[in-house]
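Subject: Structure handover

Hello,

Here is the structure I promised to pass on, with my notes below it.

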Amino acid sequence: MPAEHPFTLALAQANKLGEGVQWHAPSGRWWWTDIEGSCIHAWTPGGAAALQVRLPERVGCFVHGRSGAIILAMAKRLARLRLPDLQATGSIASQPEEILPLEANLPTTRANDGRCDRSGNFVFGTLDEANPRQRIGSFYQYSLAHGLRRLALDGVGISNSICFSPDGRRMYYADTTTTRIMVCDYDADSARTSEPRVFVTKEFDADCWPDGSIVDAKGCVWNAEWGNAAVARYAPDGRLLGRSSVPVSNVTCPAMGGPEGDQILVTTAREGLSTADLMARPLSGSLFGMTIEPGLYLADPLFNDA
């Protein structure tokens, strides 16, 4: 197994549960959510200050729209956020507009991972916060044309790793509690999926749980490994191509982009770490980056709300 270059610090942060990082080309910024901090952040590469948008509810994931709005999958609702200045810095409070409620009949669930499919629909999942956790979460597709449609996939404990092949016909996803990344055929127009099959099983003695994933221009899947201080890259057939180390243990989500399209950043988390762990790895919760070879960057489409 070839070793990859390690990730290094890109932006020091103290996110409790940093997630959902993405490159937004129109604003020229990296955006991400701190789920447990109930806020989203934005940062321009090379800038000294970032933007923090404080929100009234946790945000599991979000996508940027063609209109300039941001669609939020908040804990128990979808919402629309319009910021007057996408280049702002500092800390601001904002009240998004509700679109529709999520799983009102399931009080212990909340929205988690998600991104746009290749057609510009918002695909996301939920998780169960009860103890013990139950597999009662679901995966959904949201669009202006069809509203909210549940995907016909098994109930999930922690939805994660949602991403799509370059042609949009394969959907990857994970129930983190099973340590497996799954793959299924996916039709964006009908929101139909095939019977899922195992893409990758994480088999390690130490903790190694599949968190967020992305797909590059070659169709390879990059997966953040919670507990394993690494990002793994898999070929389209599931072969492990390499693993890049991250200086903190709880790695949550990768994204490619940057002004030249040659960077990959990952969010990390402080959640689940003891005081001793945090003293040993004080940069937990920060963003880490690495340069990638030219031509790998594959952008996620903007949400189709034009």
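How many salt bridges does the count come to? The count comes to 15 salt bridges, where a salt bridge is a side-chain nitrogen of Lys or Arg within 4 Å of a carboxyl oxygen of Asp or Glu.

Before the details, a word on the source. This is a predicted model, in which local features need pLDDT of at least 70 and side-chain atom pairs count only at pLDDT 80 or more, while totals for chains, interfaces and linings use all residues. Residues are numbered from 1 along each chain as its sequence is written, and side-chain values use heavy atoms, with hydrogens and water left out.

**Salt bridges**

One of the salt bridges is between the side chains of R110 and E129, at 3.3 Å from N to O. R110 sits in strand β11 and E129 in the loop between β12 and β13, so this pair ties together parts that are 19 residues apart in sequence. (Strands are DSSP runs of E with at least two residues, numbered from the N terminus.) R110 is buried, at 5% relative accessible area, whereas E129 is partly exposed at 37%. Here buried means under 20% relative accessible area, exposed means over 50%, and partly exposed is in between, using a 1.4 Å probe and protein chains only.

Another salt bridge joins the side chains of D300 and R118, at 3.5 Å from N to O. This one links distant parts of the chain: D300 is in the segment after β26 (287-291) and R118 is in the loop between β11 and β12, 182 residues apart. D300 is partly exposed, with a relative accessible area of 32%.

R243 and E225 also meet through their side chains in a salt bridge, at 2.9 Å from N to O. R243 belongs to strand β23 and E225 to strand β21 (residues 221-226), so the pair ties together parts that are 18 residues apart in sequence. R243 counts as buried at 16% relative accessibility, and E225 counts as buried at 0%. Elsewhere, salt bridges that share partners join E36, R58, R110 and E129 into one network.

**Strands and sheets**

Strand β23 brings us to an open sheet of 4 strands, with the order β20-β21-β22-β23 and antiparallel pairing. Its edge strands are β20 (209-215) and β23 (240-245), each of which pairs on one side only. Two strands pair if DSSP finds at least two bridges between them. Strand β22 (residues 230-234) runs antiparallel to β23 and is joined to it by 5 bridges; in β23, S244 is the bridge partner of V231.

Strand β5 (residues 51-54) is worth a look too. Its covered face has L51 and V53, and its uncovered face has Q52 and R54. β5 pairs with strand β4 (residues 39-43) in the antiparallel sense over 4 bridges, and with strand β9 (residues 90-93) it runs parallel, again joined by 4 bridges. L51 in β5 is the bridge partner of A42, and L51 also has G90 in β9 as a bridge partner.

R80 lies in strand β8 (residues 77-81) and is buried, at 19% relative accessible area. Leaving aside neighbours within four places in sequence, R80 is in contact (heavy atoms within 4.5 Å) with A69, I70, I71, P96, E97, I99 and Y142.

**Cysteines**

Taking a disulfide as a pair of cysteine sulfur atoms within 2.5 Å, the count comes to 0 disulfides. C39 is in no disulfide, and the nearest cysteine sulfur, that of C61, is 15 Å away. C39 is buried, with a relative accessible area of 2%. C184 is in no disulfide either; the nearest cysteine sulfur there is that of C163, 11 Å away. At 0% relative accessibility, C184 is buried as well.

**Backbone points to check**

Most residues other than glycine have a negative phi, and most peptide bonds are trans. E103 has a positive phi, near 45°, and lies in the loop between β10 (97-101) and β11 (109-116). E103 is buried, at 10% relative accessible area. T179 also has a positive phi, near 65°; T179 is in the loop between β16 (170-175) and β17 (180-187) and is buried at 17%. The peptide bond from N131 to P132 is cis, with omega near 5°, and P132 is in the loop between β12 (122-128) and β13 (139-143).

Best wishes
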